[in-house]
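Hi,

I am handing over the structure we talked about, so that you can look through it yourself.

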Amino acid sequence: MGSPTEDQVKEAYRRYFPIIVRKSGRMLRDASEAQDLAQETFLRLWRSRLDLKEAAATTAWLYKTCTRLALDRLRSPVRPAEGTAELGEAIASPDASAEDRSHHRAMLDEMLRRFPPEEVEAAILSRVDGLNHQEIGEVLGISERTVRRLLARIDARLAGWRARREVLA
Amino acid sequence: MRPSAASSHPSFLELDRHALGVGSADTKAHVGGCETCRARLGAVEPATEVPAWALRLEARRPPRFAWPTVLRLRTVAVGVAAFACAFALWIATGHDPYVGTKGGPEVWLYVKRGERVEIWNGTDPVRPGDLLRLKVQPDRYTHISVFGRDKTPNAYARLYDAPVPPNRAAAVPFAWQVDAQPGDESLLVVLGPDAVSADEAAAVLAHGDGGRHWARRLVLAKSVPRDGATP
C-alpha cells in the first residue's frame with residue numbers, strides 16, 4: 001500500500017493511460033512521440049479537476065485534449081516529419097491507398113497552417129477515431145449541426161486544395 | 001484498424017468506454033459478435049507498471065463538481081423530471097451570447113427543443129420534452145443549490161447541490177426534462193458559501209440574508225399541447 005495519492009495515481013494510470021496511448025498512437029505514428037503525447041495528456045488529466053470516476057465524461061475530455069495536444073505538436077516547427085503523412089491521409093482520404101506520402105504530408109501541413117483548428121479536430125475525431133457526429137459534438141462541446149458544418153467545410157477546403165494541386169500539376 | 005465515420009463498428013471512443021464498463025448495451029451486443037472490435041479492445045495493453053514520473057505526481061485538487069447520483073434525482077417528485085444527460089444537451093461554447101455585467105452573480109437557462117438550443121428569455125413557455133440546463137456565473141460564491149417545486153404547495157425539493165468555482169461561469173452537469181404535468185415549472189437557484197436546505201432557500205428568496213446567500217427563482221410557463229397535437 002502506498003500513500004492515498006500514490007494509490008489514486010496508480011488507479012488513474014491503469015484505468016486511463018492505455019486508452020490515451022492508443023489514441024495518441026492513432027494520430028502520431030512515431031512511437032516515442034505518441035508516448036510523449038500520452039504522458040502530457042495524462043499529466044493534464046491529473047491536474048484537471050475532472051471527477052475521474054465519471055468514465056464517460058473523462059474519456060470525452062481525453063479525446064478532446066489529446067487531439068488538441070497532438071495538433072499543437074504537429075504545428076511545432078521542430079516536429080519530426082515521420083508518421084505525419086498517415087494522419088494527413090486519414091483526414092483527407094481515409095480509403096485512399098495509392099497516393100504518395102509526400103502529398104499527404106504536404107496536405108497535412110496545409111491543414112495545420114491554414115484550416116481552422118476546430119475543423120481539423122472534428123476531422124480527426126471523425127476519420128481517425130471513427131466518432132459519429134453526436135460523439136464529436138459531445139467531445140468538442142458543440143452541436144451536431146455544427147459538427148456537420150465543420151466536416152462539410154473541411155471537405156470543401158480539401159476538394160479545393162486537390163483541384164488547385166491538379167491544376168498546378 | 002481504422003474505422004471510417006460511416007463504419008458499422010462502434011467508434012474507438014465507444015470501445016474505450018465499453019472497456020471501462022460504461023459503454024452502451026448496443027456496443028456490448030456488437031462486441032460480443034464482432035471479432036474486429038474484440039481485436040481492437042484486445043490491442044489495448046493493460047498498464048502494469050506505473051512509471052516513476054507518475055508516482056511523483058502531487059495530490060489532485062478535488063473535482064469541480066460533485067456529481068449527484070441519478071438515483072437521488074429520481075427520488076425527487078417535482079414538476080420537472082431529472083435525469084442524467086450530460087451528453088444529450090450541451091452548450092455551443094463558441095457561440096455563447098452572454099454579455100456580462102459587473103458585480104453580482106448571473107444565471108442562464110438553456111432550453112433544448114429537438115436540435116435547437118436557446119437561452120430562455122424569461123417569458124417564452126417551455127414544452128413537455130424540452131431539456132433545461134442551467135449555467136451560472138457565481139461571482140464570489142462557491143456553492144450552488146438548485147431546487148424544484150415540490151408537490152406540496154409552496155415547498156421546494158433539492159435537485160442539485162455542488163461546489164462551484166468562484167468568478168467563473170460553469171454549467172450544471174445535468175439537464176432536466178420538462179414533463180407533461182399541467183402547471184408552471186419553477187427552478188430556485190441559490191448561491192452561497194455552503195449548501196442550504198429547501199426551507200433556508202425559500203427564506204433567502206423571500207427575505208434575503210444580508211448577502212450571505214443569493215437566490216433567483218425562474219418560473220417557466222408550460223405549454224402542454226392537447227392530445228394528438230405536436231408539441
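Predicted model: local features only at pLDDT ≥ 70, side-chain atom pairs only at ≥ 80, totals over all residues.

Over all chains, the structure holds six aromatic pairs. One of them joins Tyr13(A) and Phe42(A) edge-to-face, with 5.6 Å from centre to centre and 75° between the planes. This pair links distant parts of the chain, since Tyr13(A) belongs to helix α1 (residues 4-27) of chain A and Phe42(A) to helix α2 (residues 31-47) of chain A, 29 residues apart.

How buried are these two residues? Tyr13(A) has a relative accessible area of 6%, and Phe42(A) has a relative accessibility of 1%. Both values are under 20%, so Tyr13(A) and Phe42(A) count as buried.

Phe42(A) also pairs with Phe17(A): the ring centres are 6.0 Å apart and the planes stand at 80°. That angle is over 60 degrees, which means the pair is edge-to-face. Here too distant parts of the chain are linked, with Phe17(A) in helix α1 of chain A and Phe42(A) in helix α2 of chain A, 25 residues apart. Like Phe42(A), Phe17(A) is buried.

Taken together, Tyr13(A), Phe17(A) and Phe42(A) form one aromatic cluster with Trp53(B).

Two arginines are worth a look as well. Arg26(A) has its charged end over the ring of Phe12(B), 3.9 Å from the ring's centre. Within chain A, Arg157(A) lies over the face of Phe115(A), 5.8 Å from the ring centre.

Best wishes

Terms used:
Residues numbered from 1 in each chain as written. Chains lettered and ligands numbered in written order. Heavy atoms only, no water. Phe/Tyr/Trp six-rings, centres within 6.5 Å; stacked < 30°, edge-to-face > 60°. Helix = DSSP H or I, 4+ residues; strand = E, 2+ residues; numbered from the N terminus. Buried < 20%, exposed > 50% of the residue type's maximum accessible area, 1.4 Å probe, protein only. Lys NZ or Arg CZ within 6 Å of the ring centre and 35° of its normal.
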